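These are my notebook entries on a structure that is new to me.

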Amino acid sequence: MTTHVTSQMAPIPFIDVASQRARLGARIDRAVTSVLDSCRFINGPEVAILEEQLAAFAGAKHAITCASGTDALAMILMSWGIGPGDAVFCPAFTFCATAEVVPWVGATPVFVDVKADTFNMDAESLERAIGIAKAAGLTPKVVIPVDLFGQAADYDAILPVAAAHGLKVLDDAAQGFGAQWRGKRTGSIGDAAATSFFPAKPLGCYGDGGAVFTNDDSLVPILKSVREHGQGVDKYENVRIGMTARLDTIQAAVLIEKLDIFPDEIAARDTIAARYNTLLADVAIVPTVAEGATSTWAQYTIRLAPGRRDALAEALRKEGVPTAVYYRIPMHKQPAYARFPADRLPVSEALCAEVISLPMHAYLDAATQDRIVAAVRRALAA
Ligand SMILES: *Cc1c(COP(=O)(O)O)cnc(C)c1O
């Protein structure tokens, strides 16, 4: 038996996948066993069931599952025929996959700044970036607003800019799947959306997985063809260059169980985030959710005065409180991406030096959260 004192000092998980596993274990074991018994590991019936449930949840006409969030983004660009000479606008403050898929199809990512309050794409910077792309001889084609850290992007501002310039809107909802903007869930906003079921995302499976969402009927057969080697009517006819990007049946079975409790988990995350905000607002810049938006709190990220972040991380580490920095390097300063065009990006650069994320998951109890908050307050007072 461990004593109370040691449990006080026990390391806290950054994202507690095990608590959810304890809650759902038996259900998921049954669902996975049923796939094992059926031996339909690829395109089993669970995949179609999940796709129907995901579409209904998101309020989108179609959900097409796939092997990862990155594949979901790539499948959309490939299905739209985006290629050399095309500009795709991506925030500079995001996970690399948002922009990574753009050179995959031969197009050019153009980096856009984010807003200091929500960390999501800044529509004024998007306007400037469109001008920069045109001046570089590129054709503006797609904007990928990211629902960063779980919060729906500023679609009020971005959709009109996209419409004015004829851009398609691809929502990268890898972090913000389940969040809402003006009552619509991510997945139903824009021309198409991509999400990820990587285990640490708000809705994660037990491996890699992802999905595409769209209301565009004509895109569905193309996405499905791209997902399976560009197949035509016959499985062994190849009408386009595609990829292998199916979601495994086992992961679909896991996700059917997890989607069932997802609304409940989003509500729990929201309560935990609100509590963090109340307890930390006087010592750090706490996250803001814009009017009309909600967040699934993929990350709970605070902002500190320049130069304080790494000392906080070290002090918390000593107390068994893990932290993470999303993101330390803005996309335009990454060695692989520095050659692409960009607007000026002062907010992205500042955020990369000042943000730090605290443990966040649906099963973070008040006592553990109090321990985290106390450690943060102690460290910032020092
Ligand atoms: C995780 C993530 C992705 C990629 O998802 P994978 O399933 O890991 O390929 C894309 N965009 C953003 C913003 C992400 O956070």
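Predicted model: local features only at pLDDT ≥ 70, side-chain atom pairs only at ≥ 80, totals over all residues.

Entry 1. I looked up the shell around the ligand and found 14 residues. The closest are Gly69, Thr70, Asp172, Ser196 and Lys201. By class, I recorded 8 polar, 4 nonpolar and 2 charged residues in this shell. I then asked which helices each supply at least two residues of the shell. They are helix H4, which spans 69-80, and helix H5, which spans 97-104.

Entry 2. For serine 196, I noted a polar side-chain atom 2.6 Å from a ligand oxygen. For glutamine 175, a polar side-chain atom lies 2.8 Å from an oxygen of the ligand. Glycine 69 takes part through its backbone, where a polar atom is 2.7 Å from a ligand oxygen. I next looked up how much of the ligand is covered: taken alone it exposes 380 Å², and the protein buries 92% of that.

Entry 3. Where does the ligand sit? I found it in the largest pocket, which holds about 450 Å³ of space. I recorded 24 residues lining this pocket, and those closest to its centre are Phe95, Gln175, Ser196, Phe198 and Lys201. Ser196 and Lys201 are also listed among the closest residues around the ligand. H4 and H5 each supply at least two residues of the pocket lining, and H4 gives the most, with 3 residues. The lining divides into 12 nonpolar, 9 polar and 3 charged residues.

Entry 4. The largest cavity has about 140 Å³ of space. Its lining comprises 15 residues, of which Ile15, Asp16, Gln20, Pro202 and Arg269 are the closest to its centre.

Entry 5. I looked up which helices contribute to the lining of the largest cavity. Helix H2 (17-38) and helix H9 (249-280) each supply at least two residues. The largest share, 3 residues, comes from H9. By class, I counted 7 nonpolar, 5 charged and 3 polar residues in this lining.

Methods
Residues numbered from 1 in each chain as written. Heavy atoms only, no water. Near = heavy atom within 4 Å. Polar contact = N/O pair within 3.5 Å; in protein donor to acceptor, adjacent residues only side chain to side chain. Areas by Shrake-Rupley, 256 points an atom, 1.4 Å probe, with all protein chains shown as cover. 1 Å grid on protein atoms, 1.4 Å probe; cavity = no way out; pocket = protein on both sides within 12 Å on 5 of 7 lines; lining within 4 Å. Sits in = over half its atoms within 2 Å of the grid points. Helix = DSSP H or I, 4+ residues; strand = E, 2+ residues; numbered from the N terminus. Nonpolar A, V, L, I, M, F, W, Y, C, P; charged D, E, K, R; others polar. Points joined across faces, edges and corners; volume = space filled by probe spheres on them.
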